[in-house]
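Please keep the sequence and the structure in view while reading.

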Amino acid sequence: MPLNARTLLIFLAVLVIAAVALLATGSRRGGRTVVVYTSVDAEVALPVFERFTKVSGIQVVTRTDSEASKTTGLAERLLQMKGQPDGDVFWNSELSFTQMLAREGALQPYVSLNGIEIPEQYKDASGLWTGFGCRARVLIFNTNKVKRDDVPRTLEGLADPKWKGRFCIARSLYGTTRSHLVGLVLALGEEKAFKLFRSWRDNGLVLAESNSDVRNRVADGTFDLGLTDSDDAISAKERNKPVDFTVPDQTAELTGVFLIPNTVSILKNCPHLAEAKAFVDFLLLPEIEAWLGTMGARQIPVRDVGVKGAELSNLNPVKVDAEKLGAQIVPLGDRIDRILRGEEK
């Protein structure tokens, strides 16, 4: 081979090696990533991720699960990887499984300055998680079949014979329904709460696959009423479905609305700690909570962020012991499911 040809090949090889090294350096400098496990609906989470990447330059890699089991499935997956996660942050659409992961040692503390004004009841005392924008548990109804004044004012009203076989809720194996019903047991005591659940079952309760399934079955007229989350009801209204909703008291004894906060936490020994902290800081900005309050989900801020009509002061939230909720979410949730399905009388 002529010398000039060999020299040219060596020169080209050096250029390739240099280009690869440059790309690697650029990736390290400008291609930072954070891996976020989230049970939040994509139409809510993705705009937040895009906005975060735009202002920070950090790319978000998302880990999710199925619609029906996403919170439970993600929590179980993270528990299996405890201490050696393949992700950095858990943005959960509820509290109970976040608290369960905290109890099991799967989270690490981080107190963001952007969450200082969040009320203490929405934060873990040791910084393992922080809560923000809430959704309410509501009764959605088909406006072609039910008048607003006829909708039960409490969840006890679902046992009225006139609703027999006409209402549905999501199975209590997952997510916010499980949190809600376990929270009712903790607030009312097992005897009263289980009596309530049995009264629903004996009145022809139908178990749907998810909160969105509840919304869809009520919207298409299969059922007159359903117990679901406020974001599901709002999304149906915004699509001009024949539905509306009310915010019921829990029982005559336990008045007030049941709220489900978002929670954000950092996984213990996560691979991208600096990026995880940056994401948590961003998510807890007051303007992001305000934005979530005006997006389609219409989340209810836990602090005054200027979202008119959505302040907690307009509501009477039922108080929930987060630590007890995390401790009982699995055993009580399983038992509630057996009661509702008729496997336990």
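P47 has a relative accessible area of 24% and is therefore partly exposed; here buried means under 20% relative accessible area, exposed over 50%, and partly exposed in between, with a 1.4 Å probe and protein chains only. The model is a predicted one, in which local features need pLDDT of at least 70 and side-chain atom pairs count only at pLDDT 80 or more, while totals for chains, interfaces and linings use all residues. Residues are numbered from 1 along each chain as its sequence is written, and side-chain values use heavy atoms, with hydrogens and water left out.

P47 lies in helix 2; helices (H or I, at least four residues) and strands (E, at least two) are DSSP runs, numbered from the N terminus. Apart from residues up to four places away in sequence, P47 touches A42, W291 and M295, where contact means heavy atoms within 4.5 Å. Between P47 and M295 there are 248 residues of sequence separation, yet their C-alpha atoms are 9.8 Å apart in space. Helix 2 (42–56) is also one of the elements against which the buried residues of helix 10 pack, together with strand 5 (130–142) and helix 9 (273–283). Those buried residues of helix 10, which spans residues 286–294, are I288, E289, A290, L292 and G293.

A second residue to look at is L227, in strand 8 (residues 225–229). Its relative accessibility is 1%, so L227 counts as buried. With neighbours within four places in sequence left aside, L227 is in contact with R137, V138, L139, L155, C168, I169, A170, H180, W200, N211 and V214. L227 and F141 are 86 residues apart in sequence, and 9.0 Å separates them from C-alpha to C-alpha.

C168, among the contacts of L227, is itself buried because its relative accessibility is 1%. C270 is buried as well, at a relative accessible area of 10%. How many disulfides does a search of the whole structure find? The search finds zero, a disulfide being a pair of cysteine sulfur atoms within 2.5 Å.

Next come the helix pairs. Two packed helices are described by the angle between their axes and the distance between the axes. Axes are lines fitted to C-alpha atoms, for helices over the stretch in contact, and angles run from 0 to 180 degrees between N-to-C directions. Helix 7 (residues 211–219) packs with helix 8 (residues 230–238) at about 40°, the axes being 9 Å apart. The two are therefore oblique to each other; angles under 35 degrees count as roughly parallel, over 145 as roughly antiparallel, 65 to 115 as roughly perpendicular and the rest as oblique. In this pair, N211, S212 and R215 of helix 7 meet D232, S235 and A236 of helix 8. By class, this contact has one nonpolar, three polar and two charged residues; Ala, Val, Leu, Ile, Met, Phe, Trp, Tyr, Cys and Pro count as nonpolar, Asp, Glu, Lys and Arg as charged, and the others, Gly among them, as polar.

Helix 6 (residues 190–202) and helix 11 (residues 322–340) pack at about 35°, with axes 9 Å apart. E190, F194, F197, R198, W200 and R201 of helix 6 and L332, R335, I336, I339 and L340 of helix 11 make the contact. These residues divide into seven nonpolar, no polar and four charged.

Over the protein chain there are 11 helices and 10 strands. Of its 345 residues, 52% count as buried.
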